[in-house]
Amino acid sequence: IAQEMRAADAMLGAKAGGTELVAVVANPTYTSTAFTAAFTRQEGLSQVPNWLYLTGSLSQLAPVWRQYGIEVQNLPAGAMSAHNDLAFVISASGRLRQELSDDPGPGTAATKSSFAGLLANSVLQVMG
């Protein structure tokens, strides 16, 4: 997802400054800010000024997951969690405008590019 977020941000061009790309932790095991900071650095998202990776306690995260229909499940042996992959385009007024699957198919360059383009175009439509 990080590659797609960087690509979508680039596609937004000058309008990127008027957007925020926000991710919410969807892993009950790794909720620390140290984890989100490490992920951000590892994935090259620290160069994306409008990137935010939000976390909190499980009691704070669970209602957010529920509100947006994110189903989170821990996998055995400390593996990453399983969750559905959704992206939401929310207007500046807080209105949910579009829901996108960020898993449009096999992890090929074409599908990743397609998602980045879909996200960028959706954001631009909402911005007007």
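The model is predicted, so local features need pLDDT of at least 70 and side-chain atom pairs count only at pLDDT 80 or more, while totals for chains, interfaces and linings use all residues. Residues are numbered from 1 along each chain as its sequence is written, and side-chain values use heavy atoms, with hydrogens and water left out.

**Overall fold**

- The protein has four helices and six strands; these are DSSP runs numbered from the N terminus, with helices being H or I of at least four residues and strands being E of at least two.
- Along the sequence, the elements follow the order α-β-α-β-α-β-β-β-β-α.
- Of the 128 residues, 31% count as buried, where buried means under 20% relative accessible area, exposed means over 50%, and partly exposed lies in between (1.4 Å probe, protein chains only).
- The protein exposes about 7,600 Å², and carbon and sulfur atoms supply 54% of that area; accessible areas come from the Shrake-Rupley method with a 1.4 Å probe, and for residues only the protein chains shown count as cover.
- Taking contacts between residues at least 6 apart in sequence, 56% join residues at least 24 apart; contact means heavy atoms within 4.5 Å.

**The nonpolar core**

- The largest nonpolar core has 25 residues, and those with the most contacts inside it are M5, L45, W51, V89, L100 and L119.
- Such a core is a set of buried Ala, Val, Leu, Ile, Met, Phe, Trp, Tyr and Cys residues joined through side-chain atoms within 4.5 Å.
- Two or more residues of this core come from each of α1 (2–12), β1, β2 (51–54), α3 (58–67), β5 (86–90) and α4 (109–127).
- The biggest share comes from α4, which gives six residues.
- Beyond residues up to four places away in sequence, L100 touches D85, L86, A87, V89, F115, L118, L119 and S122.

**β1 and β2**

- β1 and β2 run parallel and are joined by four bridges; strands pair if DSSP finds at least two bridges between them.
- V24 stands opposite L54 in β2.
- From β1 the chain crosses through α2 to β2 in a right-handed β-α-β crossover, meaning that, with the strands pointing away from the viewer, the path from the first strand over the helix to the second runs clockwise.

**Aromatic rings**

- Rings of Phe, Tyr and Trp (its six-membered ring) pair if their centres lie within 6.5 Å; planes under 30 degrees apart count as stacked, over 60 as edge-to-face and the rest as tilted.
- By this rule there are five aromatic pairs.
- Y30 and F35 are stacked, at 5.4 Å centre to centre with 25 degrees between the planes.
- Y30 counts as partly exposed because its relative accessibility is 31%.
- W51 and Y53 form a tilted pair, at 5.9 Å centre to centre and 50 degrees between the planes.
- Ring pairs link Y30, F35, F39, W51 and Y53 into a cluster.

**Two buried loop residues**

- V25 lies in the loop between β1 (21–24) and α2 (33–42), and counts as buried because its relative accessible area is 0%.
- Apart from neighbours within four places in sequence, V25 contacts Y30, T31, T36, Y53, L54, T55, L61 and W65.
- The C-alpha atoms of V25 and W65 are 9.2 Å apart, although 40 residues separate them along the chain.
- N50 sits in the loop between α2 and β2, and its relative accessibility of 9% makes N50 buried.
- Not counting residues up to four places away in sequence, N50 touches D9, A16, T19, E20 and L21.
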